[in-house]
Amino acid sequence: MDAQLDAKQHHEHSKQIKLSALHVVHSTGLWRIYVFLFLYSLGFAILFPIVPTIITNGFASEDAGHAVECQKFAPPQPHFCRNAHAEAVKWTSWTSFVSTSLLSFLCAPNIGTFSDRHGRKPFMLVGMSLALLPMCALMLHLRGLIPIRWYYPCSALNGMVSSFSLAITSIADLLHSTHRATAVGYMSACFSVGILVGPVIGAGLPPIHAVYTCIGMIGLSWLFVLLFVPETSPRCLHERRQQEEDRSRRREQKAKDVNRSAVISALSWTKLEPAAAVAALEPAAPPPCDVSVNSHGKSQRVGSLGGSSFGRSGREEDLEAPLLLNNYEGSMEESGVVDAAEEGLGVDAGLGSDKAGVHVAGGPCQEQDVEGRGGEGCGPH
């Protein structure tokens with residue numbers, strides 16, 4: 001399967017070499033990932049100007065025992081504000097170590113393997129869901145429901161899955177190496193535009209409104225990925241196509257079984273046994289014809305013609321007549337009986353004497369005695 005995937009991916013990539021980078025980005029749907037990154041980075045960047053102030057005021061309020069806004073104090077600031085700065089630096093440093101060093105080191109290789117198997121898109125959604133956790137923690141803190149320290153473990157969990165890394169992986173899935181560097185440059189440009197515009201928006205909003213706007217932008221990017229961003233993992237797409245083909249074959253087979261069951265059920269109303277009902281589905285054959293040989297004035301039955309012709313259905317009774325006729329061949333040479341040949345449902349006999357002939361009766365054949373030279377049997381010639 002890996003060889004087939006590599007061959008197909010190489011064929012798709014070889015067609016991209018002659019096209020421009022912008023045309024390839026549009027034709028592969030990669031531009032949707034650029035829109036997602038812009039919305040995602042814009043939402044994050046809205047909080048850049050206000051998160052340090054929220055964290056400092058949170059630690060200062062815990063130390064002072066009441067709500068404090070340290071930005072309103074002129075230098076020198078009270079001791080609880082100075083202690084709050086030191087506490088914020090300590091918690092931020094530890095969170096950065098756990099998130100970017102420890103959790104990323106442990107989770108990133110496994111996330112890459114799982115995304116190859118199950119697709120990039122589900123893990124991009126998981127990464128954005130984890131990114132919402134610290135924003136929700138800030139919102140609850142501003143509402144006075146939880147202390148500011150809850151912001152740091154939520155931020156550490158955000159390092160387990162990186163949506164930005166998965167977006168870069170999608171470029172490798174979709175594009176030939178000729179256009180990958182250009183596509184990564186476009187991606188970085190979209191991300192940077194969001195980082196530049198976000199702080200301008202966040203600086204003009206109250207803290208609680210900025211948090212709500214950030215949550216709304218990340219939620220919007222989550223919905224955009226869910227609805228519009230295509231899956232890019234080649235292995236995942238190949239397995240999904242195989243599953244769809246298997247389901248289609250099973251549906252067709254089930255439909256055939258249902259139709260056959262319906263026919264048998266309908267025939268059962270005629271009080272037929274199941275075996276007879278199944279046999280009724282087969283085309284009916286005409287009844288057999290008796291075959292006898294007249295030699296020197298004596299008539300002897302040698303067998304019968306089956307429902308179709310000598311030997312055509314492969315049943316023993318269909319072979320009976322020609323076999324017995326062959327046994328008479330030696331003894332009838334002097335009388336002039338040549339052979340019995342099949343054609344449709346009839347038998348012809350070329351006769352060499354007035355005293356010999358072939359008699360066919362019953363079934364679709366009319367009873368005839370063939371005697372004398374030039375006599376005719378039953379059936380078409």
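C70 and C81 are both buried, where buried means under 20% relative accessible area, exposed over 50% and partly exposed in between (1.4 Å probe, protein chains only). The model is predicted: local features need pLDDT of at least 70, side-chain atom pairs count only at pLDDT 80 or more, and totals for chains, interfaces and linings use all residues. Residues are numbered from 1 along each chain as its sequence is written, and side-chain values use heavy atoms, with hydrogens and water left out.

A disulfide joins C70 to C81, with an S to S distance of 2.2 Å; the criterion is a pair of cysteine sulfur atoms within 2.5 Å. C70 lies in the loop between α4 (51–64) and α5 (79–118), and C81 lies in helix α5, 11 residues apart. Helices (H or I, at least four residues) and strands (E, at least two) are DSSP runs, numbered from the N terminus. The link of C70 and C81 is left-handed, with -95° about the S-S bond. A search of the whole structure finds 1 disulfide.

C190, at 22% relative accessibility, counts as partly exposed.
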